[in-house]
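Please load the sequence and the coordinates before reading on.

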Amino acid sequence: MTDVDEQGRTEPPLAADEAATLLGFLDYQRATFEWKCAGLDAPGLRTTVGPSSMTLGGLLKHLAYVEEHWFSQCLHDRDRQPPWDSVDWKADPDWEWHSAAEDSPDQLRALWQDTVSRSRSLTAEAMADGGLGRLAARTWSDGRAPSLRWIVLHMIEEYARHNGHADLLRESVDGVTGE
């Protein structure tokens, strides 16, 4: 049975195998982030809190980049896709954060949703080719490679951390709170 909460998020399975549980938690974190960004216009996506320059729009673009980096580049050794392939990362290592203010809400949401969709496909491809133990095609400088299991857990952590930021940002925009 699939449980869906009042925000339309599919709850992670209560009693499933390791892969379904981990991927269920990753999708739940993604859905939480999507909920926090839903329905906001450009000023809402550009709102900051206190001295921080972080915005929900910047988070949308950053998390799209992180999805691309881990599932496409690292896991499968694929070339960067647009818009990441034309960025001068040495000139601006935080380009995704800075450039988000130039993008419309529809562009930001589409970029994130398309990247998440591609990440799901790439994860399914890796699951069929070794499961959670499959090693990333790109190695770290010391020659080690993270497993798909490590990447999925890292992405759960990445979303959970940024969902905390998104909570504060969303509340400052329109008072919407929750989880």
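The expected span of a helix is 1.5 Å times one less than its number of residues. Helices (H or I, at least four residues) and strands (E, at least two) are DSSP runs, numbered from the N terminus. This is a predicted model, in which local features need pLDDT of at least 70, side-chain atom pairs count only at pLDDT 80 or more, and totals for chains, interfaces and linings use all residues. Residues are numbered from 1 along each chain as its sequence is written, and side-chain values use heavy atoms, with hydrogens and water left out.

**Overall fold**

- The protein chain has six helices and zero strands, in the order α-α-α-α-α-α along the sequence.
- Its radius of gyration is 17 Å, close to the 16 Å that the globule rule gives for 179 residues, so the protein chain is as compact as a globular protein of that length. The radius is taken over C-alpha atoms, and the rule is 2.2 Å times the number of residues to the power 0.38.
- Along the principal axes, the C-alpha atoms fill a box of roughly 45 × 45 × 25 Å.
- Of the contacts (heavy atoms within 4.5 Å) with a separation of 6 or more, 68% are between residues 24 or more positions apart.

**Burial, surface and charge**

- Buried residues (under 20% relative accessible area, 1.4 Å probe, protein chains only) make up 44% of the 179 residues.
- The protein chain exposes about 9100 Å², of which carbon and sulfur atoms supply 52%. The areas come from the Shrake-Rupley method with a 1.4 Å probe.
- There are 17 positive and 31 negative side chains, and the centres of the two sets lie 3 Å apart. Lys and Arg count as positive and Asp and Glu as negative, while His and the chain ends are not counted; the charges are placed at NZ of Lys, CZ of Arg, CG of Asp or CD of Glu.

**Helix 5**

- Helix 5 (residues 105-128) has 24 residues and should span 34 Å at 1.5 Å a residue; its end C-alpha atoms are 35 Å apart, which agrees.
- Its buried residues include Arg109, Trp112, Thr115 and Ser119.
- The cover over the buried residues of helix 5 includes helix 1 (18-37), helix 2 (42-45), helix 3 (56-76) and helix 6 (148-174).
- Just after helix 5, Gly130 has a positive phi of about 125°.

**Thr115**

- Thr115 lies in helix 5 and counts as buried at 1% relative accessibility.
- Leaving out residues up to four places away in sequence, Thr115 touches Ala64, Glu67 and Glu68.
- The C-alpha atoms of Thr115 and Ala137, 22 residues apart along the chain, are separated by 19 Å.

Technical notes: Buried < 20%, exposed > 50% of the residue type's maximum accessible area, 1.4 Å probe, protein only.
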